[in-house]
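Please look over the sequence and the model shown here before reading on. The report that follows takes up charged pairs, a strand arrangement, a helix contact and some backbone details.

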Amino acid sequence: MTINEFNFAGKKAIVRVDFNVPLDENGKITDDTRIRGALPTLKKILADGGALIIMSHMGKPKGKVNPKFSLGQIVDAVSEALGAKVQFAPDCAKAQEAAANLKSGEVLLLENLRFYPEEEGKPVGIDKEDPAYDEAKKAMKASQKEFAKTLASYADCYVMDAFGTAHRKHASTAVIADYFDADHKMLGYLMEKEVEAVDAVLGNIKRPFIAIMGGSKVSSKIGIIENLLGKVDKIILCGGMTYTFAKAHGGNVGNSICENDKLDVALGVEELAKKNGVELVLAPDAIIADNFSNDANQKVAPATDIPEGWEGLDAGPEAQKKFAEAIKGCKTILWNGPAGVFEFDNFCAGSRAIGNAIAEATAEGAFSLIGGGDSVACVNKFGLADKVSYISTGGGALLEAIEGKVLPGVAAIKGE
């Protein structure tokens, strides 16, 4: 069943969205991309005459109630975006009455799903090495099914529209689908668009194809990097990863972030790129600071020669030129992860240079796919959102889809 084919009139729909939006210290949303992304699905349900139950997670409360991660903080923002009053259920697993009383055109937002460990389905407070872990895991899986069954009981149909968590087999993203037949579960508009965007990149690659991978750790991106090295013509590796590669070549990286136990992995990536004929682009220089702060003293240094007491916080001027040059003329572009601490205005030049180069290439006909919270925040910060082809709401999910993995959140709907 597709969302376009389904008539929600007189039905209660429970929709898994990804409202894991960034908040400032006052609980105000700093980037509402994910909320705006879900609006077409939510508005379709209300326009049909359906009642809407919205569920999401926020942050990593690790199965415990934590006011810092309460979705109660975003009720007003969701109401404003939807143009409808949003009611709030302060306990997602005890919302039977609120759901039962919901009338057509009304909206209910459930409290953070991850306040319950059953959402993620991982045993809490027990180490994986503990002999009792397997039994605890089995018990938790049974509890997860019950939790999903409770959520399913609130509604007549289920819509999965949270691409950002589609790679997780959680109660609300995959297990819940077992409680609805094929005619009463479907992907939302955002999910459909995300899946199409990935297919556009992988199913119809126009070359040259470049991937720009940022982020602090090689280890967290190694799977996707290795996979991409079999697909792309060029790859830029930037951000904190820069310094692991620099140190792997015997460089001094001062106080920069560096995975000392992954130096061999970095050299292996270089070897694989060479073997596959992929141009690997690394930053030759860095903008360094004497403190992790926007107001720190700064100067430019070679990425392999950073003095003690200093750390690399952004790609240097030469790196910025090199990155822009590598992007120029490319026809397919994937960007995941910034080139530096872009949240600090004094250390966002590297990310801005990448964003501007992508926008220019897009204007010349390239297909550009931006994925992951930080990259999305970058294009929004630099006013480039309407100058790229597609902005994905998912980081990990996008990368796993590009790796060719089947996403549990998609499989649960499509029965794959």
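## Charged pairs, sheet and loops

K138 and E135 are joined through their side chains by a salt bridge, at 3.7 Å from N to O, where a salt bridge is a side-chain nitrogen of Lys or Arg within 4 Å of a carboxyl oxygen of Asp or Glu. The two residues, K138 and E135, are three residues apart in helix α5 (residues 133–152), and therefore about one helical turn separates them; helices (H or I, at least four residues) and strands (E, at least two) are DSSP runs, numbered from the N terminus. The model is a predicted one, in which local features need pLDDT of at least 70 and side-chain atom pairs count only at pLDDT 80 or more, while totals for chains, interfaces and linings use all residues. Residues are numbered from 1 along each chain as its sequence is written, and side-chain values use heavy atoms, with hydrogens and water left out.

By the salt-bridge rule, the count comes to ten. The table sets out three of these pairs.

| Pair | N to O distance |
|---|---|
| R16 and E119 | 3.5 Å |
| K138 and E135 | 3.7 Å |
| K387 and D386 | 3.8 Å |

K138 is exposed at a relative accessible area of 57%, and E135 is exposed at 52%. In the remaining pair of the table, K387 counts as partly exposed at 43% relative accessibility, whereas D386 counts as exposed at 66%.

An open sheet is formed by six strands with parallel pairing, in the order β10-β8-β7-β15-β16-β17, where two strands pair if DSSP finds at least two bridges between them. At the edges stand β10 (279–282) and β17 (390–391), each with a single partner strand, so one side of each has no neighbour in the sheet. Within this sheet, β15 (residues 332–336) and β16 (residues 367–370) pair in the parallel sense over four bridges, and W335 stands opposite I370 in β16.

Helix α8 (residues 241–248) packs against helix α9 (residues 263–275) at an angle of about 90°, with the axes 8 Å apart. The two helices, α8 and α9, are therefore roughly perpendicular, a term for angles of 65 to 115 degrees. In this contact (heavy atoms within 4.5 Å), T244, F245, K247 and A248 of α8 meet L263, A266, L267, V269 and E270 of α9. By class, the contact of α8 with α9 holds six nonpolar, one polar and two charged residues, where Ala, Val, Leu, Ile, Met, Phe, Trp, Tyr, Cys and Pro count as nonpolar, Asp, Glu, Lys and Arg as charged, and the others, Gly among them, as polar.

K206 is placed in the loop between α6 (189–203) and β7 (209–213), and K206 is partly exposed, with a relative accessible area of 47%. Leaving aside residues up to four places away in sequence, K206 touches K331 and T332. P208 also lies in the loop between α6 and β7, and the peptide bond from R207 to P208 is cis, with omega near 5°. Most residues other than glycine have a negative phi, and most peptide bonds are trans. K62 has a positive phi, near 55°, and is a residue other than glycine; the place of K62 is in the loop between β2 (51–55) and α2 (75–82), and K62 counts as exposed at 62% relative accessibility.

Notes. Axes fitted to C-alpha atoms, helices over the stretch in contact; angles between N-to-C directions. Parallel < 35°, antiparallel > 145°, perpendicular 65-115°, else oblique. Buried < 20%, exposed > 50% of the residue type's maximum accessible area, 1.4 Å probe, protein only.
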